[in-house]
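User: Please go through this predicted model with me, one question at a time. I would like each answer to end on the value or name I ask for.

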Amino acid sequence: MADRFRKSPNRLKIAVVLGAAGILMIMLSELVPDSKVKTEKAKADSQICSADSGDFRNRTESELKELLEQIEGVGECEVMISLESSTEYIYAENISRFTEDNNDRRSEKLDEDIVITENGGTRQPLIRKVIDPQIGGVVIVCEGGGDISVNERVQKAVSTALNISSTRVCVEAKVR
């Protein structure tokens with residue numbers, strides 16, 4: 001086969017086409033993201049977010065339960081919180097802006113890179129801000145939930161403590 005290639009009158013064209021195809025494949029491999037790495041990173045991020053959201057919900061439920069049980073007439077209560085969203089992270093970024101002037105044209109290039117820190121041999125993105133999940137609603141079941149005045153005080157306390165509308169708070173009487 002190598003002999004046929006050497007004797008072929010089109011060998012220069014074939015070599016150029018093969019070379020161009022090789023260069024094109026190298027360029028395309030740089031453009032296509034490594035899906036396995038991105039999938040693993042997305043899976044890890046979602047596990048972290050769901051764990052953080054669960055911790056947030058559990059912590060808020062227990063704090064709210066302690067608070068409500070101190071209100072006169074409430075008695076023993078159970079609290080359930082539903083979340084509309086999960087924990088959101090905002091990462092620190094290095095932003096570089098390049099401006100290029102060519103005769104009549106001016107072009108700007110914006111380059112954004114997430115800041116990565118190394119701690120104990122593990123590389124992690126630097127978190128600039130953590131946004132807690134949004135609370136969708138709260139259900140409280142308490143011993144005094146059948147009393148209208150207790151019900152109103154509990155709704156007001158919960159809506160104030162969590163900064164949500166009182167229409168998102170449901171107070172019910174506990175079965176005795």
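User: How many residues apart are Lys65 and Glu78, and which elements hold them?

Analyst: Helices (H or I, at least four residues) and strands (E, at least two) are DSSP runs, numbered from the N terminus. The pair links distant parts of the chain, with Lys65 in helix H3, Glu78 in strand E1, and a separation of 13 residues.

User: Which parts of the chain does the salt bridge of Arg168 with Glu84 tie together, and how far apart are they in sequence?

Analyst: The closest N and O atoms of Arg168 and Glu84 are 2.9 Å apart. Arg168 is partly exposed at 35% relative accessibility, whereas Glu84 is exposed at 53%. Arg168 lies in the loop between H4 and E9 and Glu84 in the loop between E1 and strand E2 (88-91), so the parts tied together are separated in sequence by 84 residues.

User: Which residue meets Glu108 in a salt bridge?

Analyst: Glu108 is exposed, at 52% relative accessible area. The side chains meet at 3.7 Å, N to O, and the partner is Arg97.

User: Glu61 has no salt bridge; which side chain of opposite charge is nearest?

Analyst: Glu61 is found in helix H3 and is buried. Leaving aside neighbours within four places in sequence, Glu61 is in contact (heavy atoms within 4.5 Å) with Val79, Met80 and Ile81. Lys and Arg count as positive and Asp and Glu as negative, with His and the chain ends not counted. The nearest side chain of opposite charge is 4.2 Å away and belongs to Arg57.

User: Which residues touch the most other members of the largest nonpolar core?

Analyst: A nonpolar core is a set of buried Ala, Val, Leu, Ile, Met, Phe, Trp, Tyr and Cys residues joined through side-chain atoms within 4.5 Å. Leu68 touches Val74, Cys77, Val79, Ile140, Val154, Ala157 and Val158, not counting residues up to four places away in sequence. Of the 18 residues in the largest core, those touching the most other members are Leu68, Val79, Val138, Ile140, Val154 and Val158.

User: How many disulfides does the structure hold?

Analyst: A disulfide is a pair of cysteine sulfur atoms within 2.5 Å. Cys142 is buried, with a relative accessible area of 0%. The closest cysteine sulfur to that of Cys142 is in Cys77, 6.2 Å away and so too far for a bond. The number of disulfides in the structure is zero.

Notes:
Residues are numbered from 1 along each chain as its sequence is written. This is a predicted model: local features need pLDDT of at least 70, side-chain atom pairs count only at pLDDT 80 or more; totals for chains, interfaces and linings use all residues. Side-chain values use heavy atoms; hydrogens and water are left out. Buried means under 20% relative accessible area, exposed over 50%, partly exposed in between (1.4 Å probe, protein chains only). A salt bridge is a side-chain nitrogen of Lys or Arg within 4 Å of a carboxyl oxygen of Asp or Glu.
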